[in-house]
Amino acid sequence: MNIKNYIDYRAVKKLKIYEGKVVIRPLTKNDLAQTIKWLKDPEVNKFLTNDFNKLTLEQETGWLKEMNGSLIDFVFAIDDKKSKKYIGNCGIHKVNWENKTCEFGIVIGDKNYWEKKFGSDAIKAAIKFAFDKLNLLKIKLYVYEYNTRAINAYKKHGFEVKEILIKDHLYKNFYWNTLVMEIKKE
Ligand SMILES: CC(C)(COP(=O)(O)OP(=O)(O)OC[C@H]1O[C@@H](n2cnc3c(N)ncnc32)[C@H](O)[C@@H]1OP(=O)(O)O)[C@@H](O)C(=O)NCCC(=O)NCCS
């Protein structure tokens with residue numbers, strides 16, 4: 001039987017997952033104005049795979065609608081559990097139900113929350129979601145070689161470097177490697 005038959009999409013899209021200092025919860029329209037500010041911040045954007053400089057609220061609203069209707073994408077807001085403050089986003093994307101694989105992305109957009117373990121807890125929550133709620137077996141991600149903080153955070157939570165895409169990312173007039181990292185369910 002196809003795995004799709006086991007997933008109650010409406011239910012999983014409404015899930016909140018509590019992990020350490022964070023809760024990951026469904027991203028809403030009300031979050032998007034803040035999301036856009038973060039995505040446009042050069043200090044944040046330099047770590048992301050898209051240039052969001054010209055992104056509008058209308059486009060982002062359209063993207064969220066697409067994500068909410070998608071059977072292969074699951075997007076979350078990350079909140080500080082204690083203060084309930086919205087601090088970032090994460091998502092499970094490109095789910096391949098046959099191979100039980102997906103791709104992961106994260107951004108702690110509020111820089112005051114960097115390096116305080118909020119990212120680590122959100123990564124743990126997303127891994128739980130992918131493995132325990134979606135029954136996937138492998139998570140893949142892409143990270144630039146200059147993003148040592150993210151690389152260390154991913155390694156700490158069990159991701160391993162599987163491939164290096166040599167000099168494929170242009171940033172500040174220099175081509176950088178992209179690391180492809182993966183974690184498998186134990
Ligand atoms: C990458 C990111 C998710 C990490 O989350 P974080 O909350 O800032 O990091 P954490 O406090 O959880 O730290 C996790 C680990 O990263 C490493 N780390 C933290 N600060 C670091 C730094 N300045 N340099 C290198 N490694 C660092 C440490 O190994 C740390 O674990 P440890 O302190 O227990 O040893 C977050 O910083 C972020 O979203 N950054 C901007 C966007 C981004 O880079 N997204 C990822 C794109 S692939």
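The legends below describe close-up views of a predicted model. Residues are numbered from 1 along each chain as its sequence is written. Because the model is predicted, local features need pLDDT of at least 70 and side-chain atom pairs count only at pLDDT 80 or more, whereas totals for chains, interfaces and linings use all residues.

View 1. Eight strands form an open sheet of mixed pairing, in the order β1-β2-β3-β4-β5-β6-β8-β7; strands (E, at least two residues) and helices (H or I, at least four) are DSSP runs numbered from the N terminus, and two strands pair if DSSP finds at least two bridges between them. At the edges stand β1 (17-19) and β7 (160-171), each with a single partner strand, so one side of each has no neighbour in the sheet. Neighbouring strands are turned by 25° against each other on average, direction ignored, where axes are lines fitted to C-alpha atoms, for helices over the stretch in contact, and angles run from 0 to 180 degrees between N-to-C directions.

View 2. Strands β4 and β5 pair in the antiparallel sense over 7 bridges, and Ile-92 has Phe-104 in β5 as its bridge partner. The hairpin has 4 residues between the two strands, and Lys-100 in the turn has a positive phi of about 60°. On to β6, the pairing of β5 is parallel, with 3 bridges, and Thr-101 stands opposite Lys-138 in β6.

View 3. Strands β6 (residues 138-144) and β8 (residues 174-184) run antiparallel and are joined by 7 bridges, with Ile-139 opposite Ile-183 in β8. Helix α6 (residues 148-156) packs on the sheet, touching β6 and β8, and its direction makes about 160° with that of β6; residues are in contact if their C-beta atoms, placed from the backbone, lie within 7 Å. Another 8 bridges join β7 to β8, again antiparallel, and Glu-163 stands opposite Val-180 in β8. In the hairpin of β7 and β8, with 2 residues between the strands, Lys-172 takes a positive phi near 55°.

**View 4. The buried face of helix α2.** Within α2 (residues 32-40), Leu-32, Thr-35 and Trp-38 are buried, a residue being buried if 20 or more other C-beta atoms lie within 10 Å of its own, exposed if 12 or fewer, and partly exposed in between, with C-beta atoms placed from the backbone. Seen down the axis of α2, the buried residues fall within an arc of 115°, so they line one face of the helix; the arc is that of the directions from the helix axis to the C-beta atoms. The face turned away from this buried side carries the exposed residues Ala-33 and Lys-37, while the cover over the buried residues includes α3 (42-45), α4 (57-69), β4 (86-96) and β5 (101-108).

**View 5. The largest nonpolar core.** This core has 39 residues, and those with the most contacts inside it are Ile-24, Ile-78, Ile-92, Ala-122, Ala-126 and Ala-130; a nonpolar core is a set of buried Ala, Val, Leu, Ile, Met, Phe, Trp, Tyr and Cys residues joined through C-beta atoms within 7 Å. Helix α5 gives the most to the core, with 8 residues. Ala-126 touches Ile-24, Cys-90, Ile-92 and Phe-104, not counting residues up to four places away in sequence.

Technical notes
Contact = placed C-beta atoms within 7 Å.
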